[in-house]
Amino acid sequence: MDRFETGRTVVRRDVHGSGRVWSEHARRVVADTSEALVAACPPGAETRWPALYVRAHDDGDRSVRMEAFDAMATGTWELAHAVWQETELLLWKPPAAWFSINAFYTSAGLRNWYANFEHPTRRTTAGFDTFDLAVDLVVAPDLSCWEWKDEDEYAHVRRLGIVTDTEHQAVDAARDEVLAMLTEHTGVFANAERWAAWRWEPVWPPPRLPRPRAAANRVAPEGG
């Protein structure tokens, strides 16, 4: 599949093993190379989240996210439209990696790095599909320290069978890979200062999702 041109809107989807879409996020392409797809969004970018995630955010009740995973296990979730808030986001996604590296920016500059553990990329004509595997690593802007995040949620999805033993082994290997990148300053962290200085291109409007189609929650087979 051809590379995406800089400035194009792409859609990052989390697709459950059942073929249903778990979330959709509009991003704009910053760069697309054999090393990684780099995409970004500002506040106001369109998203579709599980309705229980939206409720957890609005109510400030993190326990509702556990309910969302229960709904995922039974295939009973609904999606709700929302917009990205508060930060600019830059995403660096190597195609075969079981993780992406994300950077979050406020008006003061880079707030933190964030390693999101997820499925390798499957390209589509509209963007790319992956699947978030719950556990994350939060990294200080200067790479001096880090801490694991959402390990309770990861344990829950493991109990529910959402993350299989094979996926768990892949996540363990990906954890080691990301920690090695951090300590050795390789991968995206080889250019950490350049990426830390990145800001959203002001001439780009916030990206929007395509108009919903019939049966849009189910993914049709597509090469890539």
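Q: Which residue of β4 is the bridge partner of His25?
A: In this predicted model, the partner of His25 across the bridge is Thr47, which belongs to β4.

Q: What makes strand β2 and strand β4 a pair?
A: Two strands pair if there are at least two bridges between them, and two bridges join β2 (residues 21–32) to β4 (residues 46–50).

Q: Why are helices α3 and α4 called roughly antiparallel?
A: The axes of α3 (residues 151–160) and α4 (residues 165–184) cross at roughly 155 degrees, coming within 11 Å of each other. Angles over 145 degrees count as roughly antiparallel, and α3 and α4 are therefore given that description. Their crossing is left-handed.

Q: What makes the phi of Glu86 worth a remark, and is Glu86 buried or exposed?
A: Most residues other than glycine have a negative phi. Glu86 is not a glycine, yet its phi is positive, at about 80 degrees. Glu86 lies in the loop between β5 and β6 (88–93), and because its relative accessible area is 63%, against a limit of over 50%, it is classed as exposed.

Q: How do you know whether Ala134, which also has a positive phi, is buried or exposed?
A: Ala134, likewise not a glycine, has a phi of about 85 degrees and lies in strand β11 (residues 132–139). Its relative accessibility is 6%, and because buried means under 20%, Ala134 counts as buried.

Q: Why is Leu110 called buried, and which residues does it touch?
A: Leu110, in strand β8 (residues 109–118), has a relative accessibility of 15%, which is under 20%, so it counts as buried. Leaving aside residues up to four places away in sequence, Leu110 touches Ala103, Phe104, Tyr105, Pro141 and Ala196.

Terms used. Residues are numbered from 1 along each chain as its sequence is written. This is a predicted model: local features need pLDDT of at least 70, side-chain atom pairs count only at pLDDT 80 or more; totals for chains, interfaces and linings use all residues. Side-chain values use heavy atoms; hydrogens and water are left out. Axes are lines fitted to C-alpha atoms, for helices over the stretch in contact, and angles run from 0 to 180 degrees between N-to-C directions. Helices (H or I, at least four residues) and strands (E, at least two) are DSSP runs, numbered from the N terminus. Angles under 35 degrees count as roughly parallel, over 145 as roughly antiparallel, 65 to 115 as roughly perpendicular and the rest as oblique. A crossing is left-handed if the near helix is turned anticlockwise from the far one by less than a right angle, and right-handed if clockwise. Buried means under 20% relative accessible area, exposed over 50%, partly exposed in between (1.4 Å probe, protein chains only). Contact means heavy atoms within 4.5 Å.
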